Amino acid sequence: MNGHLEAENQQDQRPDQELTGSWGHRSESALDRAKAMALPLPLAASTPLLHGEFGSYPVRGPRFALTLTPQALHIQRLRPKPEARPRGGLVPLAEVSGCCTLRSHSSSDSAAYFCIYTYPRCRRGGRRRATRTFRADGSATYEENRTEVQRWATALTCLLRGQLLPTDGEITPELLPRPPRLLLLVNPFGGRGLAWQWCKNHVLPMISEAGLSFNLIQTERHNHARELVRGLSLSEWDSIVTVSGDGLLYEVLNGLLDRPDWEEAVKMPVGILPCGSGNALAGAVNQHGGFEPALGIDLLLNCSLLLCRGGSCPLDLLSVTLASGSRCFSFLSVAWGFVSDVDIQSERFRALGSARFTLGTVLGLATLHTYRGRLSYLPATVEPASPTPAHGLPRAKSELTLAPAPASVPAVAHSPLHRSVSDLPLPLPQSALTSPGSPELPILSLNGGGPELAGDWGGAGDAPLSPDPLLPSPPSSSKAAVLSPITKGAPEMPSSSGLPSPKPNATVAVSTGGPADHLLPPLGTPLPPDWVTLEGDFVLILAISPSHLGADLVAAPHARFDDGLVHLCWVRGGISRAALLRLFLAMEHGSHLSLDCPQLGYTTARAFRLEPLTSRGVLTVDGEQVEYGPLQAQVHPGLGTLLTGPPGRPEQEP
């Protein structure tokens with residue numbers, strides 16, 4: 001019969017059993033225990049860590065030999081007969097979101113069960129969710145079988161989180177790292193207005209399978225995320241993850257740099273799960289993880305898998321000084337000309353999702369403009385005159401957890417002006433869960449619990465299985481999460497299409513904190529002699545930090561998140577529409593720089609100044625329109641921290 005299962009948090013830990021993984025702190029008792037163990041050496045990808053024989057579930061007949069290595073789970077059928085060419089016999093850990101242990105509801109069943117959640121690629125390239133459940137029945141008692149499946153679940157979870165296994169072979173649940181605590185910020189109007197649906201159907205189930213704790217807040221208006229992170233008690237979370245396009249992460253980073261404690265706040269790891277129309281950073285994260293280029297749901301699943309693995313790298317941020325003297329911080333790009341025109345003018349097609357940029361490009365080619373301007377830059381080969389600030393250097397993992405917010409930041413209870421749902425033991429006002437007009441929010445428990453996970457462990461003729469936690473859950477905390485007061489005001493009301501009305505003339509908010517720009521003279525003053533200046537007619541000028549301009553546009557193929565460089569691309573006037581179209585088509589594969597286009601220029605720099613010499617035009621920072629006029633920027637290497645997951649190798653075709 002089919003059994004309805006309630007999911008479990010297999011990785012809940014007692015406070016004295018926390019070990020550091022790739023996400024958070026390590027308690028003192030755990031640190032002492034770690035010191036007592038010999039530090040394991042890096043293992044080869046094919047080194048067997050565990051090997052054993054298991055039965056199947058729900059079908060009782062087949063038997064399997066399982067072998068766990070640092071890179072994959074190998075599955076070989078032993079009965080009824082070995083397969084000459086086993087299907088699904090290799091499960092790369094890059095496709096695994098998490099695992100759990102289970103037990104039968106039948107008191108006469110002494111077996112224990114081990115289930116893994118996987119997202120393999122189909123022959124057509126997309127991913128689908130699949131579960132594999134194995135029966136440990138080699139011992140006469142349930143306790144012995146349970147110990148065996150706990151050993152496998154612990155080893156697999158540690159590998160997924162980047163946790164080192166001991167060399168003495170003793171693998172016990174006490175090795176498990178503390179479940180990371182994520183703050184998820186969701187823009188329900190992202191992309192084509194499907195962000196909340198995608199989050200509920202794909203993101204929340206997967207991170208629950210991985211055993212990650214989360215608190216979710218839906219943003220309701222422009223700059224809502226920025227207001228939230230300005231006053232958050234950041235010590236409550238290990239990272240902030242945006243579920244939207246690039247714009248929401250822009251708000252988060254600038255909000256962190258607005259804080260009085262910005263030097264500590266900006267160390268907070270941030271992540272992005274793509275549910276918007278512009279998913280450039282997610283495209284770069286996807287490539288860094290070794291996945292094939294993807295769009296839509298496939299890109300979201302790839303980035304969610306990487307998030308479940310943990311792991312981060314320093315993120316370069318660009319400090320942009322505008323004509324008025326105000327500053328904002330960019331993680332993506334500064335654009336002028338064709339790129340910014342398409343970005344802003346395509347806002348009216350936002351309901352089309354990422355297709356808005358395709359339509360905007362066609363319309364932009366039909367009305368191609370050139371702009372007179374001056375681009376000056378400090379070449380990357382020139383050493384800076386002043387030392388790079390210490391906080392710009394790559395940081396150790398132990399520095400990624402934040403100190404409590406300073407006393408100057410007021411702390412009050414959650415404001416009812418946002419909607420939230422949480423699986424953390426943090427008491428929230430009921431009004432925060434039932435904001436007028438908000439969609440019904442499911443109460444999700446760890447490692448599943450949503451409708452997507454029900455029925456995974458109930459087979460015909462079998463007693464259904466129930467979760468069997470690796471460790472007892474800790475008692476609920478009475479400590480409340482705190483947020484600073486949010487500016488009172490009516491939430492932005494959606495238009496009749498369900499999307500917020502575009503504001504093409506709106507200017508982006510600016511940051512008040514952040515490091516000093518020691519490479520830049522005041523805007524409007526002469527530049528040092530080691531700068532290079534180009535002047536003329538341009539079709540576009542683009543300054544980009546990561547590799548991708550869009551999920552499927554590789555503008556700077558050799559860029560890295562932490563290379564300390566800004567990559568400058570420009571196209572001079574005189575290029576034909578056909579040649580410009582060829583450039584953007586080649587950019588889908590990152591091959592545009594090899595086209596030998598005489599109007600195309602590219603270089604790397606540490607700082608630059610852009611001076612439009614035409615009276616009208618559009619300037620954007622990370623896709624957000626800013627005031628038109630001269631601007632300048634410099635790179636601050638490794639100022640932020642980006643959740644990327646482990647670096648991967650290019651995928652093989654299934």
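Phenylalanine 54 counts as buried, at 1% relative accessibility. Buried means under 20% relative accessible area, exposed over 50% and partly exposed in between, with a 1.4 Å probe and protein chains only. Phenylalanine 134 is also buried, at 1% relative accessibility.

This is a predicted model, in which local features need pLDDT of at least 70, side-chain atom pairs count only at pLDDT 80 or more, and totals for chains, interfaces and linings use all residues. Residues are numbered from 1 along each chain as its sequence is written, and side-chain values use heavy atoms, leaving out hydrogens and water.

A search of the whole structure finds seven aromatic pairs. Rings of Phe, Tyr and Trp (its six-membered ring) pair if their centres lie within 6.5 Å; planes under 30 degrees apart count as stacked, over 60 as edge-to-face and the rest as tilted. Two of the pairs are set out here.

| Pair | Centres apart | Plane angle | Class |
|---|---|---|---|
| Phenylalanine 54 and phenylalanine 134 | 6.5 Å | 65 degrees | edge-to-face |
| Phenylalanine 114 and tryptophan 152 | 6.3 Å | 50 degrees | tilted |

Phenylalanine 114 sits in strand E6 (residues 112–118) and tryptophan 152 in helix H2 (residues 142–161), 38 residues apart. Helices (H or I, at least four residues) and strands (E, at least two) are DSSP runs, numbered from the N terminus. Phenylalanine 114 is buried at 1% relative accessibility. Tryptophan 152 is buried at 1% relative accessibility.

Phe54, Phe64, Phe114, Phe134 and Trp152 form one aromatic cluster.

Charges meet rings too. The charged end of arginine 103 sits over the ring of tyrosine 142, 4.1 Å from its centre. That term requires NZ of Lys or CZ of Arg within 6 Å of the ring centre and within 35 degrees of the ring normal.
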